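Student: I would like to learn how to read a model such as this one, feature by feature. Could you take me through it, giving the general idea before the particular case?

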Amino acid sequence: MPSNAPGVRRCAACRAHAPKSEMIRVCRAPDGRIFVDDGGKADGRGVWVHGTEECVSLAVRKKVLNAAFRCAVPESVAKELYERV
C-alpha cells in the first residue's frame, strides 16, 4: 500500500502502512496531556499503532511512544491501548 494514498498511516511499532480504520491513534495535546484518541482527529501530535496485540505490545515494550512524543508516556495509556485490542 503506498504511503501517499489518502487515509493511510504508518504504524509506529512495526512501520507497516495500513488504512486508518485498522489503527489506533495516540495523541499528545498542546497542553501536554497524552491519551488514546477515539475519533482520530483530536488536536495535537498523533502517533498511529495497529490495533493488534502484537503491535501494541511491541510499542509498549520498545517504548516507541516515548520516542515519538519525546517524553515519558503514562502507564495508563498503555493499559488503555491493551484494552482496545
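This is a predicted model: local features need pLDDT of at least 70, side-chain atom pairs count only at pLDDT 80 or more; totals for chains, interfaces and linings use all residues.

Student: Which strands form the open sheet, and in what order?

Tutor: Helices (H or I, at least four residues) and strands (E, at least two) are DSSP runs numbered from the N terminus, and two strands pair if DSSP finds at least two bridges between them. Here 3 strands make up an open sheet with antiparallel pairing, in the order β4-β3-β5. Because β4 (34–37) and β5 (45–50) each have a single partner strand, they stand at the edges, and one side of each is left without a neighbour in the sheet. On average, and with direction ignored, neighbouring strands of this sheet are turned by 30 degrees against each other; such angles run from 0 to 180 degrees between N-to-C directions, the axes being lines fitted to C-alpha atoms, for helices over the stretch in contact.

Student: How many bridges join β3 to β5, and over how many do β3 and β4 pair?

Tutor: Strand β3 (residues 23–28) is joined to β5 by 6 bridges, the two running antiparallel, and R25 has W48 as its bridge partner in β5. The antiparallel pairing of β3 with β4 extends over 4 bridges, with I34 in β4 as the bridge partner of R28. These two strands, β3 and β4, form a hairpin with 5 residues between them, and G32 in the turn has a positive phi of about 100 degrees.

Student: How many disulfides does a search of the whole structure find?

Tutor: A disulfide is a pair of cysteine sulfur atoms within 2.5 Å, and the search of the whole structure finds 0. For C11, which is in no disulfide, the nearest cysteine sulfur is that of C14, 3.8 Å away; C11 counts as buried at 0% relative accessibility. C14 is likewise in no disulfide, and its nearest cysteine sulfur, that of C55, is 3.7 Å away; at 34% relative accessibility, C14 counts as partly exposed.

Student: How are the axes of α1 and α3 arranged, and which residues make the contact?

Tutor: The axes of α1 and α3 come within 9 Å and cross at roughly 170 degrees. That makes α1 roughly antiparallel to α3, given that angles under 35 degrees count as roughly parallel, over 145 as roughly antiparallel, 65 to 115 as roughly perpendicular and the rest as oblique. Contact means heavy atoms within 4.5 Å, and this one is made by V56, S57 and V60 of α1 together with A78, L81 and Y82 of α3. Helix α3 (residues 75–84) also lies across β3 and β4, running at about 15 degrees to β4.

Student: Where does R28 lie, and which residues is it in contact with, leaving aside its neighbours within four places in sequence?

Tutor: R28 lies in strand β3 and is partly exposed, with a relative accessible area of 28%. Leaving aside neighbours within four places in sequence, R28 is in contact with R33, I34, D43, G44, R45, F69 and C71. The C-alpha atoms of R28 and R45 are 5.2 Å apart, although 17 residues separate the two in sequence.

Student: Is D43 buried or exposed, and what does it touch?

Tutor: D43, found in the loop between β4 and β5, counts as exposed at 61% relative accessibility. Not counting residues up to four places away in sequence, D43 touches C27, R28, A29 and P30.

Methods:
Residues are numbered from 1 along each chain as its sequence is written. Side-chain values use heavy atoms; hydrogens and water are left out. Buried means under 20% relative accessible area, exposed over 50%, partly exposed in between (1.4 Å probe, protein chains only).
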